Amino acid sequence: MALQSLALIESWPVPTAAAGVVRADGAVLGTQGPVGLRFPLASVTKPLAAYAVLVAYEEGAIELDEPAGPPGSTVRHLLAHTSGLAFDEHRVTAAPGERRLYSNAGFEQLGDHVAKATDIPFAEYLWQAVLEPLDMTDTSLEGSPAKDGVSTVTDLLRFAAEVQAPRLLDPRTVAQAMTVQYPGTKGVLPGYGHQNPNDWGLGFEIRDAKSPHWTGGSSSPRTFGHFGQSGTFLWIDPDARAAGVALTDRAFGPWAIEAWPVFTDAVLAELRG
């Protein structure tokens with residue numbers, strides 16, 4: 001089946017867009033646009049980086065609850081944006097576990113922590129642990145583990161299939177990644193304002209009952225994923241047993257807040273139909 005709803009991206013006010021949907025069994029249900037074109041991911045880099053961190057955990061190089069980042073913080077705090085680090089500065093603004101402070105700096109410290117533990121530069125570790133095994137040959141990390149990934153829809157559909165039916169990780173580890181860490185923690189979801197609670201897993205944002213939100217009104221509360229300020233998103237809806245990816249070359253803004261939920265609701269309606 002080729003999803004007709006994917007054609008909605010052609011009406012988006014962006015120079016270039018590509019999208020695709022993949023089932024939990026790895027079957028691609030449809031694509032639209034130049035799916036082999038490399039786009040800057042911005043924060044959609046974070047789930048890829050988090051997956052590599054979880055591989056390092058399963059390999060025994062690190063522990064989720066070992067110290068990392070600012071005093072009192074752990075790998076788990078950094079993955080869940082509760083280390084207390086500021087958004088884009090390596091400066092502590094809260095005690096670990098107190099608030100959900102979305103932090104690029106936290107993911108940069110995660111990358112440094114894994115690189116030190118494995119004696120492999122983080123970009124190379126990500127390649128060896130995640131990208132190469134999944135044949136994501138058009139994906140690379142070109143700087144910060146928080147925001148400097150570059151990829152294609154084709155590669156991200158491979159990643160989304162992996163997360164839904166893990167081969168590189170124990171399914172129990174992925175279940176942790178999509179489970180709320182530090183429940184009840186409030187904070188700001190960038191672009192969408194204050195959320196109480198602002199639920200997050202290990203490197204993946206969890207939809208729950210957040211409103212407004214970048215996924216669809218019909219997305220299940222269990223939906224998890226990430227969006228990026230470069231106009232990109234990846235969501236995985238366990239109830240729909242499918243994942244959606246969209247990459248664009250226009251920065252996130254009011255256009256995305258309006259267009260993305262309509263797109264996702266159309267995809268989910270077609271999947272149910």
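1. Ala 49 is buried, with a relative accessible area of 3%; buried denotes under 20% relative accessible area, exposed over 50%, and partly exposed in between, for a 1.4 Å probe and protein chains only. The model is a predicted one, in which local features need pLDDT of at least 70, side-chain atom pairs count only at pLDDT 80 or more, and totals for chains, interfaces and linings use all residues. Residues are numbered from 1 along each chain as its sequence is written, and side-chain values use heavy atoms, with hydrogens and water left out.

2. Ala 49 belongs to helix α1 (residues 45-58). Helices (H or I, at least four residues) and strands (E, at least two) are DSSP runs numbered from the N terminus. Not counting residues up to four places away in sequence, Ala 49 touches Phe 107, Phe 122, Leu 126 and Pro 145, a contact being heavy atoms within 4.5 Å. Tyr 125 is 76 residues from Ala 49 in sequence, with a C-alpha to C-alpha distance of 9.5 Å.

3. An open sheet is formed by six strands in the order β2-β1-β11-β10-β9-β8, with antiparallel pairing; two strands pair if DSSP finds at least two bridges between them. At the edges are β2 (28-32) and β8 (205-206), each of which pairs on one side only. Strands β9 (residues 224-228) and β10 (residues 232-237) are joined in the antiparallel sense by five bridges, and Gly 225 has Trp 235 in β10 as its bridge partner.

4. Two helices lie across β1, β2, β9, β10 and β11. Helix α5 (residues 153-164) runs at about 25 degrees to β1 (17-23), and helix α7 (residues 254-272) at about 35 degrees to β10. Axes are lines fitted to C-alpha atoms, for helices over the stretch in contact, and angles run from 0 to 180 degrees between N-to-C directions.

5. Gln 164 lies in helix α5. Its side chain reaches the backbone oxygen of Arg 23 at 3.5 Å, and a polar atom of the Gln 164 side chain lies 3.3 Å from the backbone nitrogen of Ala 242. A polar contact is a pair of N or O atoms within 3.5 Å; within protein, one must be able to donate a hydrogen and the other to accept it, and residues adjacent in sequence count only if both atoms are side-chain atoms.

6. His 77, in helix α2 (residues 75-79), is buried, with a relative accessible area of 10%. The side chains of His 77 and Tyr 182 are joined by a polar contact of 3.3 Å.
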